[in-house]
Amino acid sequence: MKKKFSTNIMLFLFISLNFLSIETNSIDNNDFSQTDHISDFTLDFNESNAYNHISTQLEFGFRVPGTSAHNNGAEWIYDQISTITDVAQKHEFSIQKDGQPSYNCQNILGKINPEKEQIVIFGAHWDSRNVAEKDIYNQSQPIPGANDGGSGVGVLLELARVLFSYKNNLSCQIWFLFIDAEDQGYSRGLYGLQDWVYAEGSQVFVEDINEFYNPSKESFECFILLDMVGGTNLEFVKESRTNEDLHNSIFKEGRELGYNQTFSTNPKIMSITDDHLSFNSIGIPVIDLIIDFIAGDWIYHHTHSDDLSHIDSESLRITGRTIESFVKRYYTLGNDTSWKITEESNIFIPYIIFPVLFTTCFVMILRKKREGKKPVLYH
Ligand SMILES: [Zn+2]
């Protein structure tokens with residue numbers, strides 16, 4: 001019996017140490033190659049479609065509230081999303097600051113599987129900035145917004161096409177939310193629109209969110225924001241309000257597909273005001289897939305050079321495939337895996353289980369020893 005106990009302990013130790021070393025190896029494996037690895041799923045995301053969606057948005061012109069390009073851009077997104085979701089809705093609102101004109105704005109929402117209980121929200125802002133405060137010329141003129149605005153919309157529209165065709169296999173409801181009035185706040189002495197703050201559209205949406213779902217029947221799983229996902233040298237940061245498990249799961253998904261640079265094991269941590277904060281404020285786990293637009297490699301943020309020539313289809317592919325794979329892994333019918341407990345957090349379990357088990361076995365062995373010394377009584 002004692003020998004069996006000792007063998008069991010050794011076995012447990014062996015398994016635990018192996019498990020730990022496997023995890024450590026996978027976490028440290030950051031070779032900065034961005035080659036596609038074989039996926040566990042058939043992935044249909046097509047980066048050319050996403051790229052063309054960006055190109056179309058730029059053809060409308062500058063999508064700044066109060067302009068015809070803005071109106072046309074909204075109609076186009078609504079028309080597109082209507083054909084690749086079950087339900088499409090407009091969320092119209094206006095913004096007026098003291099002494100300033102009133103601007104008509106709209107968020108656009110497309111829903112897949114609206115009858116399901118759990119809701120995964122994908123968001124991207126679709127307005128483009130009215131000023132180029134980081135450029136060296138024409139700072140007061142609007143920017144094309146190919147990456148900052150256009151890229152998130154392009155990827156979401158392509159994801160909607162892919163996931164709509166997969167909808168019968170999905171266990172959840174998916175929202176695609178195209179958010180207006182994100183990018184007109186103040187920076188370097190200039191407002192996009194006078195007295196506006198960043199992320200106005202998502203704040204209004206969250207205030208009105210009960211118009212779009214039934215809290216007694218439906219609940220939110222997470223909010224995943226895509227902002228500037230199409231630039232060259234794509235490397236996502238970790239926004240400080242990001243949900244830990246959501247971050248670990250999505251970044252792990254990306255690395256398993258071979259995108260070690262984009263989804264680094266050691267990303268920069270930054271605090272960024274963006275649309276995800278509105279959803280975080282009502283208790284929904286969030287992630288902001290965004291780059292370091294201050295000191296990172298993509299240097300065209302809020303300049304006139306945020307145009308198609310600085311969009312990289314490979315970055316659209318990396319983002320789209322990773323998200324598609326994440327959804328298929330965690331929200332395919334019959335799959336009980338949850339991103340809420342990641343393997344990264346599981347590696348701590350042996351640290352808890354092992355000492356408890358070891359102490360228990362030690363105490364039991366001691367007791368057995370003492371019992372052995374007691375006289376045995378027979379009837
Ligand atoms: Zn911006």
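1. A crossing of two helices is called left-handed if the near helix is turned anticlockwise from the far one by less than a right angle, and right-handed if clockwise; by this rule, helix 6 passes helix 8 in a right-handed crossing. Helices are DSSP runs of H or I with at least four residues, numbered from the N terminus.

2. The model is predicted, with local features needing pLDDT of at least 70 and side-chain atom pairs counting only at pLDDT 80 or more, while totals for chains, interfaces and linings use all residues. Residues are numbered from 1 along each chain as its sequence is written.

3. The axes of helix 6 (residues 244-256) and helix 8 come within 9 Å and cross at roughly 115°, where axes are lines fitted to C-alpha atoms over the stretch in contact and angles run from 0 to 180 degrees between N-to-C directions. Ser-249, Ile-250, Glu-253 and Gly-254 of helix 6 make the contact with Thr-322, Ser-325, Phe-326 and Arg-329 of helix 8, contact meaning C-beta atoms, placed from the backbone, within 7 Å.

4. Helix 2 (residues 47-60) packs against helix 4 (residues 146-164) at an angle of about 135°, with the axes 8 Å apart. The crossing of helix 2 and helix 4 is right-handed.

Terms used: Helices (H or I, at least four residues) and strands (E, at least two) are DSSP runs, numbered from the N terminus. Two residues are in contact if their C-beta atoms, placed from the backbone, lie within 7 Å.
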